[in-house]
Amino acid sequence: MLHVLRHAPQDSSRFASTLRSMGPEQGLLMIEDGVYSLLPDTSSNSALQLLPASVRLYVMEADVSARGLAIDDLPKRVKLIDYPTFVQLCTQYDKVLSW
Amino acid sequence: MFESRLNVMKFAIALLAGPQDPAARSALSFAQAALDGGHQISRLFFYRDAVHLASDLAVQPQDESDIAREWREFISSNELDAVVCIAAALRRGVLNEAEASRWERPVANSGQPWVLSGLGQWVDAMQSADRAVTFGS
Amino acid sequence: MDLALAAAAFGVPVSLLFLDSGVMQLLKGQESALIKQKSLTANLKALPIFGVEDLFVCQHSLSERGLQSNQLLLPAKPVEGAEIAALLEQYDQVVTL
């Protein structure tokens, strides 16, 4: 299952709910304001880095750059993607859950 | 080279947020990428504030993009099934000719390529598609 | 809620999980008419009649709000963390509203 998070952890409890509801072999894609989960020196960023290595993390590159976050500051395990890759991920995971 | 053909999927895409929400753009980018990737879109479903996209009356400032027009052109040129939740549309004043006449309203502001119908169309789309993706939740 | 009822009307098996502030919908004694809002209580109580019988509530969300399951107007099964992950895996489609 691919989780897609579009809300900022600073604004919404969905970030916390997503992390609580995730299984070990799943993926998490952050889009729109969800990319604020990756702001450096935040508890959400630390929480993401503490997820098991089997959880794949993705972020929509356009949404990161549009919001002025520096690509270089992103944790190494986060993969930057575009829309064609988003579509491809949807075919790889058995279902998509949008938060 | 043709390996990707084995993986062609039917997508059902729902949008819940309005024209001013970034989700309206995300969903369009996703839908375009799905078709570009050789996949099919079996249905688009517009719910909650997303029904405003189906209004022909909104006017955007000239220096801003017109997401409703882009959606309309995308749907028309690809001949997609674009269903707008009728209950959500009526509440927000998005009416086609038939509804304007039924409810005795002075204007209709929605028409082709949008189709007003019930939530059952979303249920049906989710059941028959290989993947259902929701934006703007 | 509307989606759940629509799905049930089409004969699609549906379950509901109340999460985050969504759990507040289940609190007894809501008098929404005082602020001219339609009450969800009747719809919630109609769920079993429409065949929506599996109701789950996030225990963490309840605790966060100082609520206990006996304050809820419908019997919903409390679930937590790994149980929620397993629950979400069981269904063909999951929609967050």
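Predicted model: local features only at pLDDT ≥ 70, side-chain atom pairs only at ≥ 80, totals over all residues.
Residues are numbered from 1 along each chain as its sequence is written, chains are lettered from A and ligands numbered from 1 in the order in which they are written, and side-chain values use heavy atoms, leaving out hydrogens and water.

Who takes part in this meeting? The contact (heavy atoms within 4.5 Å) takes 20 residues from chain B and 18 residues from chain A. There is 1 salt bridge across this interface, a salt bridge being a side-chain nitrogen of Lys or Arg within 4 Å of a carboxyl oxygen of Asp or Glu. R6(A) forms a salt bridge with D21(B), and their closest N and O atoms are 2.9 Å apart. Between chain B and chain A, 10 residue pairs are in polar contact, both residues at pLDDT 80 or more. A polar contact is a pair of N or O atoms within 3.5 Å; within protein, one must be able to donate a hydrogen and the other to accept it, and residues adjacent in sequence count only if both atoms are side-chain atoms. The elements of chain B that give two or more residues to this side are α1 (22–36) and β5, and α1(B) gives the most, with 7 residues. Helices (H or I, at least four residues) and strands (E, at least two) are DSSP runs, numbered from the N terminus.

Now look inside chain B. Its open sheet of 5 strands has the order β4-β3-β2-β1-β5, with parallel pairing; two strands pair if DSSP finds at least two bridges between them. The edge strands are β4 (114–117) and β5 (131–135) of chain B, each pairing on one side only. Strands β2 (residues 40–46) and β3 (residues 82–85) of chain B run parallel and are joined by 3 bridges. One pair to find is F45(B) with its bridge partner in β3(B), V83(B).

Chain A has a sheet of its own, where 5 strands form an open sheet in the order β4-β3-β2-β1-β5 with parallel pairing. At the edges stand β4 (78–81) and β5 of chain A, each with a single partner strand, so one side of each is left without a neighbour in the sheet. Strands β2 (residues 27–30) and β3 (residues 56–60) of chain A pair in the parallel sense over 4 bridges. In β3(A), V59(A) is the bridge partner of M30(A).

Finally, turn to chain C. Chain A and chain C bury about 1200 Å², and carbon and sulfur atoms give 49% of that area. This contact takes 15 residues from chain A and 16 residues from chain C. Here there are 0 salt bridges, and 8 residue pairs are in polar contact, both at pLDDT 80 or more.

Terms used:
Buried area = accessible area lost by both parts, 1.4 Å probe.
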